[in-house]
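Hi everyone, thanks for coming. Have the viewer open while I talk, and stop me if a word is new to you.

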Amino acid sequence: FQRVARSVDNWPGFRTVFSDRTVLFPFSVRGLSPGPAWTINSKYAEFARHGWDVITGISIYPTPQLYIADPTLTKEIMGARARFPKPTSSYALLATFGTNILVTEGDEWKRQRKIAAPAFSEKNNRLVWDETAKVLDDVFQNVWGDRDVVELDNIMDLTVPVTLLVIGVAGFGRRMSWSEDQVAPSGHSMTFKDAMYEVSHHLVLKVLFPDWLLRWGTPAMRHFATAHDELMAYLHEMVVARRAAEVKDERFDLMSNLLDANEDETDSAAKLSDSALIGNVFLFLVAGYETTAHTLAFAFTLLALHQDEQEAFYQNLKSVLPTDREPTYEDFSSLSYSLAVMNETLRLFPPVLAIPKESAEDTAFTLTSHTGETRTLPVPAQTYIALCVASMHRNPRFWPEPDAFRPARFLGAYNRDAFQPFSGGPRGCIGRGFGETEGVAVLTKIVARYKVEVREEPGWEGETFERRKERLLRCGHSLTIFPERAPLVFRRR
Ligand code: HEM
């Protein structure tokens, strides 16, 4: 412990038994562990307390950890892939369906990214918009019908199914409707939607328990094991069906694009194996819906809490779409307010709280403290580095009133390096366009039609605004963070 602390020159930070990465101790207990979600729970406070935008973590791990909330250093590390590669073990649980672009590094990552990148094309973004619009029209007409007031026990009951339906069709060419997909098709014991939801929400079980225990354990474990098998079977079927299709009609969903790019690869050594194809398809599925579903859930909750901000957003939508015309993909560039609402939500609640990197070699950073002191921090090889975007997004040096919800701050100039919900550099999010297109389409179409409010519930009368905000925005944590329970009302305008 002393040796590890000395290796980083006793730089201030956490001194705990467990680190925030210890899966078997995922709690925040003073002196024992900061807990896995400390960056969102304490926001910027730990950095403010120590007076530096870089702090350390010394624990039972044999190597130190660095936590960074400084934009310039964050950008430098994201841009230098060879010096600061990804510790691929951090994402071991996302490799359970096969190797993929997120869990690889070096030449293997390059090979996979080359084949995966063309899938995220402009044509795919257009498809995302059109399909999102269709899913929402189905909800408006067939699920909410002519009701003027729709009450939801939890906003996730809307955003999760919508984003699953969108990734189903724009990711895999599998069109489903809200009500049709309630019954499992023959040969399956679970619907695709349910299998996907269960697996991504409880993926951590796969790391904690061996397969035999999952199959014979508690009902919850067995349910997870079944969902895992079902999802694997669905993914195989989808790849096989697409391969076997006699006529390959022009399709722009991610999976078709990925399979086409793999078949077009002339260098057979560069082609992806079946396992890598399934692994990437699974990754697109998880990365493609959960991040966006959770961001939209926070966005609607924030809009419901901040009626004045919602009104400003709505007035802007009326000016962009004056004749109550339905928005189309061509409107995307005019819908900068919708993107600003999404960005402000991503600033306050970035789904990926911290981006993991490690130092490939011994190096050092020269840093300046909040009081102007300059010091050099030695960084030994194999130091684990967490780019704490959730804390950086609340750093008051770059974000005035950092805890306030103010979408308009994204309409003017802002420090782009201090806003990294999608990471950046060569390993930045490949699905950013997909996520932004879907997010803007959902926010625009719903807020143009419905006013969103917090549902009044018995037992909470007389609650202060601060208390209500705290209750509705309390975070749960699966692969990404989400609002634990936010009951909202959608009122027809
Ligand atoms: C709000 C939406 C989204 C957010 C905030 C987000 C965030 C991120 C972040 C932070 C990373 C970097 C992770 C790391 O380096 O450890 C990442 C990578 C990735 N994302 Fe996203 N993402 C979003 C939507 C999507 C969507 C819709 C897809 C696909 C349909 C997607 C696919 C991927 C893939 C494949 C990678 C790995 C890229 C690589 O390592 O080369 N993401 N995303």
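This is a predicted model: local features need pLDDT of at least 70, side-chain atom pairs count only at pLDDT 80 or more; totals for chains, interfaces and linings use all residues.

Residues are numbered from 1 along each chain as its sequence is written, and side-chain values use heavy atoms, with hydrogens and water left out.

Okay, go to helix α17. Glutamate 436 and arginine 432 both sit in that helix, four residues apart, about one turn of it. In general, an α-helix has 3.6 residues a turn, so residues three or four places apart point the same way. Here glutamate 436 makes a salt bridge with arginine 432, and their closest N and O atoms are 3.0 Å apart. By salt bridge I mean a side-chain nitrogen of Lys or Arg within 4 Å of a carboxyl oxygen of Asp or Glu.

Are those two partners buried or exposed? We call a residue buried under 20% relative accessible area, exposed over 50%, and partly exposed in between, using a 1.4 Å probe and protein chains only. Glutamate 436 has a relative accessible area of 13%, so it is buried. Arginine 432 comes out at 33%, so it counts as partly exposed.

How many salt bridges does the structure hold? It holds 37. Let me show you another one: the side chains of glutamate 151 and arginine 455 meet at 3.6 Å, N to O. That pair links distant parts of the chain, 304 residues apart, with glutamate 151 in strand β4 (residues 149-152) and arginine 455 in the loop between β9 (450-454) and α18 (465-472). Glutamate 151 is partly exposed because its relative accessibility is 47%, while arginine 455, at 16%, counts as buried.

Then there's aspartate 153, which forms a salt bridge with arginine 485, the closest N and O atoms being 3.0 Å apart. This one also links distant parts of the chain: aspartate 153 is in the loop between β4 and α7 (156-172), arginine 485 is in the loop between β11 (481-483) and β12 (488-492), and 332 residues separate them. Aspartate 153 is partly exposed, with a relative accessible area of 41%. And all four of these belong to a network of salt bridges, whose members include Glu151, Asp153, Arg455 and Arg485.

Next stop, helix α14. Its 14 residues (307-320) should span 20 Å at 1.5 Å a residue, and the end C-alpha atoms are 20 Å apart, so that agrees. The expected span is 1.5 Å times one less than the number of residues. Which residues of α14 are buried? Glu309, Gln310, Phe313, Tyr314 and Leu317 are. They cover an arc of only 135° around the axis, which puts them on the same side of α14; the arc is that of the directions from the helix axis to the C-beta atoms. On the other side of α14, Asp308 and Ser319 are exposed.

Last, the iron atom of the ligand. Its only protein donor is Cys429, through SG, at 2.3 Å. Donors are N, O and S atoms within 2.8 Å of the metal (3.2 Å for Na, K and Ca), and water is not among the atoms, so sites may look incomplete. You'll find cysteine 429 in the loop between α16 (389-392) and α17 (432-449).

Terms used. Helices (H or I, at least four residues) and strands (E, at least two) are DSSP runs, numbered from the N terminus.
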